[in-house]
Amino acid sequence: MPDIESLLKETRRFKPDPAFAREANWNKKTVAEHRKQADKNPEKYWAARAKENITWFTPWKKVLDWKPPFAKWFVGGKLNVSYNCLDRHLEEDGGARRNKAAIIWEGEPGDTRVITYAELHREVCKFANVLKTQGIKKGDRVVLYMPMIPELAIAMLACTRIGAPHSIVFGGFSADALRDRIDDVGAKTVITADGGFRKGAGFPLKQAVDDALKMTKAVDTVIVVERTKQDVKMKKGRDLWWHDLMKDASPKCAAAKLDSEHPLFILYTSGSTGKPKGILHTTGGYLTHVTTTFKAIFDIKDSDVYWCTADIGWITGHSYVVYGPLAAGATTMMYEGVPVHPGPDRWWELIEKWGVNIFYTAPTAIRTFIRLGDEHPNKHDLSSLRLLGSVGEPINPEAWMWYHKVIGKKNCPIVDTWWQTETGGIMITSLPGVVTTKPGSATLPFPGIDPEIYDEEGNVAKPPGGGLLVLRKPWPGMLRGIWGDNKRFKEQYWSRFEDTYFCGDGAHRDKDGYFWIMGRIDDVMNISGHRIGTMEVESALVSHKGVAEAAVVGRPDDITGTAIVAFVSPRGGTKATDAFKKTLIGHVSKEIGAIARPAEIRFTDALPKTRSGKIMRRLLRDIASGVESTGDTSTLEDFSVLASLRGDED
Ligand code: WT7
């Protein structure tokens, strides 16, 4: 099996700006020192971070207990996540953060709330008492199915305060998906809202809970936040209003002293086939990982307004909207609605209005804004921005350049952060003020993280070279298992190479040791014996000014084994003609070589994506080869996209 080949020739380099570097939380010297310590003794390195960034009630006895694939970090240590996110900020530095904004929230209709650390602490204690009154005990699982409102963060922190692991189900999931997750996790309590605002209308949540609970017996309590004031049915003896329960709740609640390995949350992630996996994260290691990475990578200062646009229903929202930022005492912004409502400049308006300094979003959003046109960001003063981040997919170099120029005004370092639901926190990333960036590369491992690229036999693919991305050493934020399924945990992640985690991505490393993530290994195409990742062909297509977005897949071909089919959505103003198809095929040949020439181009308005914005190439593969899709489609965002793609064939 040959290496995955790298065809992309990206030569642009962006050196850290000396002015930024001078003020950065971690400078060249710090990072060199950190890397040295971490290479020498990663356990000692992480122990130092756990001491520096986390408040412990009881110190640990052993840093790491590693019986592959099962890790325990900070064994014997006791702590509480909500204490670290709240209480300590009320006391430290003479109480300087008591009245600092913990959460700046804006609803889609434009209503706003600014919640200080002292107030968030009170609300969390009150709701923790509510949970206790409802009979929730340490270890009981609570499902949260809520819109992006402050009560979601309050509920999460209240769960952590009493040691009840939460499982958040993204509000866009259906009643069926909700029921599966409630059953799998064995929850007795669901916290929801009447609905949430999306594209100017209230979408129902309570109704979906009612439907889900018709099909499962386990749940005995449903707590409902009033948000949209839409009609809901409240079932007597089961359903309770949040505001009724909170009225008389005491604002005093001691934080439970929890074991470092106490389950913190379970978050479901969909594999490409089969039923979703409940990824289990625990307390001490996870909090150490997300807090350390958050402070260093986002260079957070006390005066910053930080905005990560992810929904809290995804891991990015858990780690970098709520836990990392609050543990660091930062101001984290939350926005309820969609990016383009009421107008295509909603996000830029929010950045201007709240003076956002640090902005973290996904390539899928960036490509959407590219298509909508530069006039929308250009209408707003974005000069408060000083750092930009990207996560979720490989960012195509041209999208990176647009982000750099049109949003960052060439003034902001970009941190491209590679990680997964399973890794808990960021693993491969640039460090602003220190690492020279290359558009499209997530650059280098975070100190204490040990990624490597293997060939199929488990030999190291020496740089420059491509293959399978693995993690050789355990890390504090790593998943502790799949809820209730150790067998699947071992098979899925640990069976390919001995005692080594395989993440499912293909990657390439250049001669400088920089990592270039090439997408899911299942999507790699074998063209005449050359293994080619999807990312590079897509990036070549997107680098043409007439293309907004592209997805490529392989379909069986008699001659080449696999032929490349490209699904392309043109930018506004570009006509989807046969002549344009020819232009694009020529463009790809010129950019990355004839081997990667698409055999076929299909124009489409939209691509099938998951609800978190990832292109579902598996479905496109079926369409390209003209077969019915049999795999799971429950995570597909918009079914009409598939129908129209299939219709194109007729
Ligand atoms: C998969 C994990 C990590 C939080 C959001 C997604 C892809 C993620 C990058 C990046 C290239 C990336 C990988 C990974 N991915 N970040 N910076 N560059 N690819 O979490 O849903 O668990 O997805 O997203 O394929 O394996 P997730």
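Student: How many residues of helix α17 are buried?

Tutor: This is a predicted model. As a general idea, an α-helix has 3.6 residues a turn, so residues three or four places apart point the same way. Here, helix α17 covers residues 534-542, and nine of its nine residues are buried.

Student: Which residues of α17 are buried?

Tutor: The buried residues run from Thr534, Met535 and Glu536 through Val537, Glu538 and Ser539 to Ala540, Leu541 and Val542. Buried means under 20% relative accessible area.

Student: Into which domains is the protein divided?

Tutor: Domain 1 is made of 4-78 + 270-309 + 326-517, and domain 2 is 528-649. Their C-alpha centres are 27 Å apart.

Student: How is the area between domain 1 and domain 2 to be read, and what is buried there?

Tutor: The size of an interface is often given as the accessible area lost when the parts come together. In this model, domain 1 and domain 2 bury about 2300 Å² between them, with 52% of it on carbon and sulfur atoms. Glu5, Leu7 and Arg371 supply 28% of the area that domain 1 buries against domain 2, more than any other three residues. In terms of contacts, 23 residues of domain 1 meet 29 residues of domain 2.

Student: How many salt bridges does the rule find across this interface?

Tutor: The rule finds three salt bridges between domain 1 and domain 2. Elsewhere in the list of pairs, the side chains of Arg367 and Glu549 form a salt bridge, at 2.6 Å from N to O. Between the two domains, 11 residue pairs are in polar contact.

Student: Which elements give two or more residues to the side of domain 1 that touches domain 2?

Tutor: These elements are β1 (4-5), α13 (363-372) and α15 (397-407). The largest share, four residues, comes from α13. By type, that side of domain 1 has eight nonpolar, eight polar and seven charged residues.

Student: What is the phi of Lys409, and what is that of Lys410?

Tutor: Phi of Lys409 is near 50°, a positive value in a residue other than glycine. Lys410 has a positive phi of about 60°, and Lys410 is not a glycine either. Lys409 is in the loop between α15 and β21 (414-416), and Lys410 is found in the loop between α15 and β21 too.

Student: Are Lys409 and Lys410 buried, partly exposed or exposed?

Tutor: Lys409 is partly exposed, with a relative accessible area of 38%. Lys410 has 57% and therefore counts as exposed, since the cut-off for exposed is over 50%.

Student: Where is Thr560, and which residues does Thr560 touch?

Tutor: Thr560 lies in the loop between β31 (547-557) and β32 (561-570). Leaving out residues up to four places away in sequence, Thr560 touches Asn526, Ile527 and Ser528. A polar atom of the Thr560 side chain is 2.8 Å from the backbone oxygen of Thr562. At 26% relative accessibility, Thr560 is partly exposed.

Methods. Residues are numbered from 1 along each chain as its sequence is written. This is a predicted model: local features need pLDDT of at least 70, side-chain atom pairs count only at pLDDT 80 or more; totals for chains, interfaces and linings use all residues. Side-chain values use heavy atoms; hydrogens and water are left out. Domain bounds come from an automatic or database domain assignment. Contact means heavy atoms within 4.5 Å. Buried area is the accessible area (1.4 Å probe) that two parts lose on being put together, summed over both. A salt bridge is a side-chain nitrogen of Lys or Arg within 4 Å of a carboxyl oxygen of Asp or Glu. A polar contact is a pair of N or O atoms within 3.5 Å; within protein, one must be able to donate a hydrogen and the other to accept it, and residues adjacent in sequence count only if both atoms are side-chain atoms. Ala, Val, Leu, Ile, Met, Phe, Trp, Tyr, Cys and Pro count as nonpolar, Asp, Glu, Lys and Arg as charged, and the others, Gly among them, as polar. Buried means under 20% relative accessible area, exposed over 50%, partly exposed in between (1.4 Å probe, protein chains only).
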